[in-house]
Structure formats: structure tokens, C-alpha cells
Amino acid sequence: MRRTTTPADDASRALARAATRHSGARTAALCLVATAATGAGLLLPAALGRTLDLLLARAPATGWVLCCAGLVLLLALLDGCQSVLVGTVDARTTAWLRRRLTGHVLAVGPRATARFGAGDLVARLVGNAAQAGTAPAARAALLAALAGPVGGIVALGLIDLWLAAVFLAGAPVLAALLRTFARDTSRCVARYQQEQGRIAAALAEAVDGRRTIRAAGATDRETARILRPLPELSRAGHRMWRVQGRAAAQAVTVAPLLQLGVIAVAGVLLTRHRLSVGEMLAASRYAVLATGVGVLVAQLASLARARAAAGRLGEVVAEPAPAHGGRRLPPGPGRLELRGVTARRGGHTVLDGIDLVVPGGTTVAVVGRSGAGKSLLAALAGRLADPDDGEVLLDEVPLTELTHDDLRRAVAYAFERPALLGGTVEDTIGLGLPDPSPARVREAARTAHADDFIRRLPHGYGTTLADAPRSGGESQRLGLARAFAHDGRLLILDDALSSLDTVTEARITEALTGGSSATRLLVAHRAATAARADAVAWLDGGRVRAVGRHEELWNIAEYREAFTGEEPA
């Protein structure tokens, strides 16, 4: 029965074809060099046999001796070129795969991490990409490895048809063994790589939560959790090596029998004077080449590992990235509107039919109990995620119709736990800007009240992030400075003030509400923050329960409970 293909299978094959095309010229050169080396290896037994016959006949053999020496030198040269080309093709293909997948993961956004987990993604992008990157070179080497046995059979037929007939009588058994090996190895390798991904995912989670683990005294328990898949990994590894060992043992059993059969027939033909001693020597060498099982097993195993790794990469590529339109964003105040927005996560409806308008140039705080969907609404507002139903518009243009560059220029984000990227502090604040000027970076840092602690760093704004120790609040201020430097028409703060002291938070909120023309959407957990906003959107039960001023909503008991019992501001 034919196996049904999945989108991941199609993506895997398309990715493999594209990777092969990327290194196509070098792969073709590798194939030619490997085939030339196989050809030289096929000529050498004939040359040795002819040389031996001439020496036994006491005839001049200088030319043939030199020919043999030249073939040996050529084989050494081609082998060196093949090694260099294999390394080059593997490195280029792996680099291309990693760039391709990294770009795709970033384009997919948080959905990729939610599905695969950060650790598993890293395992796929690093380990599996390196294994999949060996596929073009492995295919080229496999063609050359197949050319050896085929050439050996042809050479046996040229010496005497009976020699080829004896070998071909047992060849189907050898072919069946190799086919079974290739099938079984692919299954074992896929399982092994899957278990590696599980361990990597658990390890990444533990590293991210190392302080919590240490504070809870749960180091031993977490170590056991991370290594829980290890027995299955061991079983998968042992199965993989058993399959390879069994195939090699079976092939090693069959191959010598075929070689002995060829040599026995060659001996009979020698006694009947149908073969010379040199031809018998050549026939024995061609029988070895024709049963080149060791090379074939190694190449098939390498190709199976590469194919299984490409399958895991295909699963990532099959995750669709958001499509962008071709419309440009017209001039406008930054009016944000959510129309009938519904969003589901894990089969559960988190936001249900949200209708919300944020007038241009105003500040709206989004409040609600934990799990109300505040961060999801913030992600939808700037298209870090797409709703399952409904649409989000900025200045009357649906976000899905905007070009990627226009969308990202218009929307800036700051998060509770900002990812600080870049070489230096200045690079971090200017991230995403086409040409960040020092004056713009410093002005943004002053607005975020980060300038003072940045200047106290060893090299100020030129301090590398690794040499810039900072608290959680200081990290948040750097994230805020990056958002302020962006200077888009819509600024979204997803709980980006939570680690700040109340004084600093008040100053930054005052700067936001008084000195910026951008539209501001704030996910707020403090009543004081909500009180400074122009309006508050109260999320409850997946819907916008009310929109109004904080002091008006404070009279509702359920609204006050959203702030965990804080007193009115």
C-alpha cells in the first residue's frame, strides 16, 4: 500500500531539492570527481593484470608499470579532491538550511515555539540541519559507490561472461539485504532524532527556569525529568546499530561467497587456458569491487540519517508563515480597530468576538484577570499573531493587507521580558532601525529613564551586553527604550512596566501619555497605570466587558478584583 504523504513530507522534499540546487555546481563537481575516482579504481585491476602477464612472459612492461603508478597517484589526488568537496558541500548546504529555517521560524513567530518548543527548535536548527546538509554529498558519493559494483560486473563480463553470470546469480540476495537495511535504518534514525529533540526541549526549559528550580530545591527532580527520554534514546540507538550491524554481517556473509564463486570459476577457466594469470588477478579484484557492500552500507546509513533529519526540518517548514499584502499604510493618526476578533488556543476560545476601537493618539489600558487574554490581544493588535475570525485594522487598513515593511515600521512593541539582542547596549536600543542615530538612541533611553544607568556602565552605550549587568527593571527599560526609538504610529506595551518601581513607572507613563503622538495600547496590572490612561478596556470572560475611564469602572467590584484587591488610585 502506498504511504500517504503529508505537508511535512512535501516540505521536506522541496527543502532537500532547494538545498541541492544551492550547492548544485559543487555537488556536480563532487559527483564527477567521485565517478572519476571509481573509474580509475576500475582501470587499476586491468592494468595490474596486464602488467603481471607481461612480467610472467618476460616481455617489456615499463609502460604498464608506469601506467599503474599513474593510476595510483591519480586515485590519491582524486581522493583528496573528493574529501575537500565533501566538506565544502556539507558546510554550504548546512549553512543554507540554517539560514532558511531561521528565517522561517522568525517569520512564523511565537507559533513555532508554541508547537515545537525552544529546545527542540534549537536541536532541529543545529543538529538536524547539519545532518540534512550531508544529503547532497551523500547522494553524489552513493552514485559513485553504485558505479563501482556496476563497473565491476561489466568488467567481469568483459573478461568472461561466465564470471558475470556467476556473480549475477547471487546479486539479488545482496540487493534485497541493502534495501531492507535502508528501510529499517530510516525508521530507527527518525526515532533516535525525535528522542534527542525531546531531551533538548526539556533542557532548554530547565535552563530558562534555573532560578526557580534552584529555589525549589528541585535540581534532582528536574535532572530526572530532562533525562527521562534517555532510555528510549538508548533503545533507539541500539536498534539503529543492530540494524546496521545485522546488515553488515549478512552482507559480509553473502559477499565472500560471491567472490569465492567468481574466483572458483576463474580458476576453472584458467586451467582451460581461457584466462591468463593476470586476468584471474583482475577478476578477483573486480569481484571485490562488485561486492562493495561496506561502502554501500556506509553511504546508505549516511543518506538515511540525512533523510530523517530533513523530515524533521520539513515539519518546521510546513508550519505556514503569515502572508503579507501589498498595500502601503496611508497617512493617519494610528487609529486601531478590532472587529469581531476571535482567537482560540489549544481548542479553547480565549477571545470571543472582540470589538474595540483605540482612537489615534490616545492611550488605552487593557486590564483583566490572569488568563483573560490580554497578551493575546496585544499580539493580535500588532499582528504577532492572526485571529481565527474577524480582522484588525490600522487607520482603516487590515493588517493582513499591509506590506511587511510598512507593518513593522508602524508598530513597536515592548514586552515584560524583552529579548535584548545586539552587540552593545546602543545596538540593542537601535535594533530594527534602518539607520539608528546616536541622538535618537539616547533620546529614547532618556524617555525610558535608562540613560543614567547606561552611562554608569564601563563603556556607556558602547558596553557589550555580556559586560552590562542589569536588574529585571533595567532590562525592561532597555526594552522600552528600543520601542520608543522605533517611533511608530502604534506602540504596544505588553506588561512592559511590571518590573519597574512605582516612581519610575509613573514617570514613564506620564512621558507616554503627554509627550508622544503615537497611539498606545498598554497591558496593565496596576491600578495606577490604568488610571493614567485615556480609557480602559476591561477584558472578562473572553469579551470586552466595558470601555471607560478607570475612575468610572472602579465602582464595579469585579473590575477592582482584576487588580488583586488594590485600593483605588
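Tryptophan 554 is buried, with a relative accessible area of 8% (buried denotes under 20%, exposed over 50% and partly exposed in between, with a 1.4 Å probe and protein chains only). The model is predicted, so that local features require pLDDT of at least 70 and side-chain atom pairs pLDDT 80 or more, whereas totals for chains, interfaces and linings use all residues. Residues are numbered from 1 along each chain as its sequence is written, and side-chain values rest on heavy atoms, without hydrogens and water.

Rings of Phe, Tyr and Trp (its six-membered ring) are paired if their centres lie within 6.5 Å, with planes under 30 degrees apart classed as stacked, over 60 as edge-to-face and the rest as tilted. Tryptophan 554 and tyrosine 559 form an edge-to-face pair, because their ring centres are 6.3 Å apart and their planes stand at 85 degrees. Tyrosine 559 is also paired edge-to-face with phenylalanine 563, at 5.2 Å centre to centre and 70 degrees between the planes. Tyrosine 559 is buried at 0% relative accessibility, and phenylalanine 563 is buried at 1%.

An open antiparallel sheet comprises four strands in the order E2-E1-E4-E5; strands are DSSP runs (E, at least two residues) numbered from the N terminus, and two strands pair if DSSP finds at least two bridges between them. Strands E2 (348-358) and E5 (397-398) each have a single partner strand, so one side of each lacks a neighbour in the sheet. Antiparallel strands E1 (residues 336-345) and E4 (residues 389-394) are joined by five bridges.
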